[in-house]
Amino acid sequence: MMTDCNRCRNAADTDFGITMAFQPIFDFGALQVFAYEALVRGRDGEGAGEVLSRVTDETRYQFDQACRVTAISQASALGLRDAAAAPFLSINFLPNAVYEPRACIRKTLSAALESGFPTNRILFEFTESERLDTDHLLNILRSYRSMGFSTAIDDFGAGYAGLGLLSAFQPDFVKLDMELIRGIDTSSAKQAIVRHILNMTRDLGITPVCEGIETPEEFEVLYGLGVRLMQGFLFARPELDRLPALQWRGRSHEKTGEALGSAGLAMSA
């Protein structure tokens with residue numbers, strides 16, 4: 001433990017500042033905002049890819065910590081803490097930046113305590129596109145669950161962990177990779193793959209989330225497959241310093257859109 005804590009204390013600081021953009025995940029079953037995902041941005045609006053390209057092995061820990069603290073403090077300041085529908089705050093984390101879960105979570109807990117944000121409404125997402133030590137990752141996920149956090153695999157279907165990880169640990173949520181979603185209305189192969197993934201996650205007690213939805217046709221197919229948690233440019237783009245509301249009104253789901261729009265507007269800054 002002492003070695004791990006020393007690694008945390010001795011980690012190098014980043015030489016650039018960050019902020020967060022927020023993008024909602026909508027629940028088209030309960031007609032409410034399910035979560036807001038905090039997406040890292042540079043101080044001058046640089047995208048996540050550019051920001052992440054500046055992170056080194058030496059600054060990885062401090063960057064991961066800064067993202068967590070910034071997400072919690074900004075979301076609280078925007079009113080997410082007090083939102084009536086109690087949406088989750090979804091925070092992306094870097095598993096390779098976590099040396100020891102219970103030691104490295106301290107700043108997150110301190111930020112939540114300081115801002116009054118309930119820890120049981122924090123959802124940690126990790127992407128499986130980063131090559132990981134499976135035992136180390138399982139230790140993180142199990143530790144987070146024991147502390148009351150929810151967990152999600154992001155970009156499922158595009159990376160390294162996949163089915164082997166699911167056989168050892170079932171997170172609360174799985175977010176299907178957007179490449180499986182893009183153009184699903186015109187691809188019978190994608191429809192078949194997604195249908196089987198949805199059946200599998202439900203059999204495992206995992207709630208599926210579909211992201212990257214850009215067209216009404218993609219929405220209609222996914223809704224028809226029983227997907228209720230969705231995220232994408234069709235509904236709302238990420239916005240700096242704001243919790244955006246639903247921006248889309250689908251003709252066949254006009255009442256759904258109106259209800260979600262009203263719910264989202266009530267929580268927007």
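Strand 3 (residues 88-92) and strand 4 run parallel and are joined by 4 bridges, where strands count as paired if DSSP finds at least two bridges between them. The model is a predicted one, in which local features need pLDDT of at least 70 and side-chain atom pairs count only at pLDDT 80 or more, while totals for chains, interfaces and linings use all residues. Residues are numbered from 1 along each chain as its sequence is written, and side-chain values use heavy atoms, with hydrogens and water left out.

**Chain as a whole**

- The chain has 11 helices and 9 strands, these being DSSP runs numbered from the N terminus, with helices (H or I) of at least four residues and strands (E) of at least two.
- Of the 269 residues in the chain, 53% are buried, a term that means under 20% relative accessible area, with exposed being over 50% and partly exposed in between (1.4 Å probe, protein chains only).
- Among the contacts in the chain with a separation of 6 or more, 69% come from residues 24 or more positions apart, and contact here means heavy atoms within 4.5 Å.

- Strand 2 (residues 32-42) pairs with strand 3 in the parallel sense over 4 bridges, and Ala35 stands opposite Phe88 in strand 3.
- Strand 3 is largely enclosed by the rest of the structure, because 4 of its 5 residues are buried.
- Strand 4 (residues 122-127) is mostly covered, with 5 of its 6 residues buried.
- Strand 4 is also joined by 5 bridges to strand 5 (residues 150-156), again in a parallel arrangement, and Glu125 stands opposite Ala152 in strand 5.

**Packing of helix 3 with helix 5**

- The axes of helix 3 (residues 60-77) and helix 5 (residues 106-115) come within 9 Å and cross at roughly 15 degrees, which makes helix 3 roughly parallel to helix 5, a label for angles under 35 degrees.
- These axes are lines fitted to C-alpha atoms over the stretch in contact, and the angles run from 0 to 180 degrees between N-to-C directions.
- The contact is made by Gln62, Gln65, Arg68, Val69, Ile72 and Ser76 of helix 3, together with Lys107, Thr108, Ala111, Ala112 and Ser115 of helix 5.
- The residues of this contact of helix 3 with helix 5 divide into 4 nonpolar, 5 polar and 2 charged, where Ala, Val, Leu, Ile, Met, Phe, Trp, Tyr, Cys and Pro count as nonpolar, Asp, Glu, Lys and Arg as charged, and the others, Gly among them, as polar.

Technical notes: Parallel < 35°, antiparallel > 145°, perpendicular 65-115°, else oblique.
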